[in-house]
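Welcome, and thanks for taking a look at this one with me. Here are my notes, in the order I would walk through them with a new colleague.

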Amino acid sequence: MVDATHGAVDVIPPAEVPEVELYHPHSWWTKYVFSQDAKVIAIQYSGTAIAIGMVALVLSWLMRLQLGFPGTFDFITPEAYYQFITMHGMIMVIYLLTALFLGGFGNYLIPLMVGARDMAFPYVNMLSYWIYLVAVLVLVASFFAPGGPTGAGWTLYPPQAILGGTPGGQQAGIILMLVSLILFIIGFTMGGLNYVVTVLQGRTRGMTLMRLPLTVWGIFTATVMALLAFPALFVASVMMLFDRVLGTSFFMPALVEMGEQLSYGGGSPILFQHLFWFFGHPEVYIVALPAFGIVSDLISTHARKNIFGYRMMVWAIIIIGALSFIVWAHHMYVSGMHPYFGFFFATTTLIIAVPTAIKVYNWVLTLWRGDIHLTLPMLFALAFIVTFVNGGLTGLFLGNVVVDVPLSDTMFVVAHFHMVMGVAPIMVIFGAIYHWYPKITGRMMNEAMGQFHFWITFVGAYAIFFPMHYVGLVGVPRRYPEIGEPAFITAPVENLNAFISVAALVVGFAQLVFLFNLIWSIWYGREAGGNPWRATTLEWQTSETPPPHGNFGKELPIVYRWAYDYSVPGAKEDFIAQNDPGTGKTATGLA
Amino acid sequence: MSVILVFLLVIAGIAGWWLSHQGLMSKPWLEHGPAAAFPDTDVTGMPTAKVGLGVFLAVVGCLFALFASAYFMRMELSDWQPLPIPPLLWLNTGVLVLSSVALQCAVIAAHRGQIDMVRLGLVTGGLTALAFLAGQLVVWRDLSASGYFLEANPANSFFYMITGMHGLHILGGLVALARTISGAWGRRYQPERLRLSVELCAMYWHFLLFVWFAVFVLLAGWAADFIDICRQLLT
């Protein structure tokens, strides 16, 4: 074993990365509003994403009110219910999770963690946020458009998405939705270029790819995937917009509506499904990979132990990223595809469980005999592991064609994907916010409020989604505002539905405590200092907290080691920062 | 979806080749001490803007590969009626080739430091690109005048949509080109900077020319013939 803390560096090679010219803001506007500083953009992204996410949260309450107590609320018509599920799904998946992980955490963490002053193209980065904001505003506008937002379901399947029978189908709703998606993708591409190129070109001296924190690996790979997957949604959106506005028949078969032959003919709804899921499945991992990366860092830091199998973790991220492009049709088992086709996609789907399982083992083995501190980030990280395993296991059920066919379009599927790509990534987002908040604001978030938030959210999420699996197994279909009284619906199912709804309301209100904590702690939180978690990565080693424009002081940091030197035997402290040369400061009593 | 899968396979190949040079087999937990402290970070020597453009072109390529995928899948349905290829498209293709050649000349001139030739190349490139766009509009007008409307048949819809998307990308390139041209005349003329912008413009132009060839082959139906031949060879 090489002595990790020892060894002086005689010659420091010259910088490979030239100093960039930073844009220096001259006014309040360019400093805080039209800012080109990735950290400000990150906060703008996060704020917008959380704000629109709250809208989606309220929509989920309304849906649960209807499902738990059907017939009680007059204003929730079937049309309104469809609009709620559509907007809830679309907002949560794209405008909250994608934007928050990549636009929020990506912007904040990538430059700081790789040791760069800012993103590669700050101006384009700024444009990215503003286009995202316009996309969100267009989306919100559809709530106020005549006929309301689209009610086509978040998958927007044609032909129903653009027909009169669907809310917003023949009104502005679907058009605004598609335009908003197109704008989002344009804006995201601008941001995504920055995240990728900054990791490629902006790394400081000594920061090899294999010394990157796993957070950066996760966000980097997810961004590459997003850049290649979002065009599919772009193409699908443009083509559907053509169908809806210009009367083409890309996706629209010949149809009779209300006794009237429509001008469409010959198109293929399945074509849309292929394009949509070619984006849709990578999207799951676009959300999951940053979560994987962040959770690895949280666990390592708060268990004071190096990550188990770093290399394997990196390889697994890359393999998951690549495999996720050839599993899309497992969302289409019931579309009448060729059985061999289904066989192929079932196989690839199950293979993807292998690298994912490697990651889970490595998290658990990192915890093994670690010095586990049950801080708020750690609690959320642990909750993530448990939830992700639960959600992943039902994924194995649904990945098999024969099991999927009867379960397709039941609440079981809803429970599955909420566990695996709803609750699990949200847990990581919370953990990450509690973890990096001290760096962003200089103050800790309130512990008591945080504990309250954690336990309600964690237990509550299980109270919501565990019973939902059962409800689905019994046969309750998804997307039905009311199921009436068919024979298979027994009293327990009705009671469970009411129980789930109450739990959902409670969990929702717990999020308000989190929001309050988020704002309250800016002024009243405990002073954090520069490195409250005693973490190794570069963002904790900045000279000032919060880091100034340009991130680091006069000199960029130089990286001497990987990101996980925790509890190194013989070291003075239980962590060695990445930019610690291993001489002088820690040399006393060693060697 | 075969076109996009082939495209992604190429991207994966490039990414895999690049990753294989990044020391993925290294053991960072053992790298300490003077010898190991500064392994090559492998930040490429390429200008950041070029890497950025390269990544962007991959995204654009992905977009058109997806359009092609959708095209082939829609083509197999029974209502497909191919539309005739207007001869004017050949002329437009020639003009776009000229545009690319002019920008390539500008690159060569920029390397030699001949600012007059750079200006000439840039302006010629810009004007020919505008001529290409005008030619495309004429093609659209001719087609609709002879009854090939956008919504009449999916083949027509794809024709207008894909050529339109390609035209929009040229239009975006023209904005960048206009900035480069103003840089070539501007008071704060910096040879290094200008050379890089000219190179970036040329790179984008060549790529869009390549995309145009692919689009042309696709819309003219040769791509489908080619795939049919491949299929027959395989079965």
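1. Chain B holds 8 helices and 0 strands, so reading from the N terminus the order of elements is simply α-α-α-α-α-α-α-α.

2. How spread out is chain B? Its radius of gyration is 22 Å, whereas the globule rule gives 18 Å for 235 residues, so chain B is more spread out than a compact globule. Along the principal axes, its C-alpha atoms fill a box of roughly 75 × 55 × 25 Å. Taking the contacts in chain B between residues at least 6 apart in sequence, 80% join residues at least 24 apart.

3. The UniProt record, an unreviewed entry, annotates "transmembrane region" on chain B at residues 6-24, 51-73, 88-110, 117-138, 158-181 and 202-224. Residues 88-110 of chain B are 100% helix and 0% strand, and their end C-alpha atoms lie 33 Å apart. Residues 6-24 of chain B are 79% helix and 0% strand, with 25 Å between the end C-alpha atoms.

4. Next, please look at where the two chains meet. The contact takes 57 residues from chain A and 43 residues from chain B. On the chain B side, the elements giving two or more residues are helix 1 (2-20), helix 2 (33-37), helix 3 (48-75) and helix 6 (154-185). Helix 3 of chain B provides the largest share, 13 residues. By residue type, the side of chain B that touches chain A divides into 27 nonpolar, 10 polar and 6 charged.

5. How far can we trust chain A? Its average pLDDT is 90, and 95% of its residues score at least 70. Two stretches call for care: residues 1-10 of chain A have pLDDT below 50, with 27 contacts in the model beyond near neighbours in sequence. Residues 584-591 of chain A are also below 50, and that stretch has 10 such contacts. Where pLDDT is low, the predicted coordinates should not be read in detail.

6. Which residues touch the most other members of the largest nonpolar core? They are A:Val235 and A:Phe380, in a core of 247 residues. Helix 3 (residues 78-114) of chain A gives this core its largest share, 24 residues. Leaving out residues up to four places away in sequence, A:Phe380 touches A:Met427, A:Val428, A:Phe430, A:Gly431, A:Tyr434 and A:Phe454.

7. Now for some backbone details. Most residues other than glycine have a negative phi, and most peptide bonds are trans. The bond from A:Pro158 to A:Pro159 is cis, with omega near 0 degrees, and A:Pro159 sits in the loop between helix 4 (122-144) and helix 5 (172-201) of chain A. Another cis peptide bond joins A:Thr545 and A:Pro546, with omega about -10 degrees; A:Pro546 lies in the segment after helix 15 (491-524) of chain A.

8. A:Met258 is in the loop between strand 1 (256-257) and strand 2 (260-261) of chain A.

Methods. Residues numbered from 1 in each chain as written. Chains lettered and ligands numbered in written order. Predicted model: local features only at pLDDT ≥ 70, side-chain atom pairs only at ≥ 80, totals over all residues. pLDDT = per-residue confidence, 0-100. Contact = placed C-beta atoms within 7 Å. Helix = DSSP H or I, 4+ residues; strand = E, 2+ residues; numbered from the N terminus. Nonpolar A, V, L, I, M, F, W, Y, C, P; charged D, E, K, R; others polar. Core = buried A, V, L, I, M, F, W, Y, C linked by C-beta atoms within 7 Å. Buried ≥ 20, exposed ≤ 12 C-beta atoms within 10 Å, placed from the backbone. UniProt positions renumbered as here; feature names shortened; annotations may be inferred. Rg over C-alpha atoms; globule rule 2.2 N^0.38 Å.
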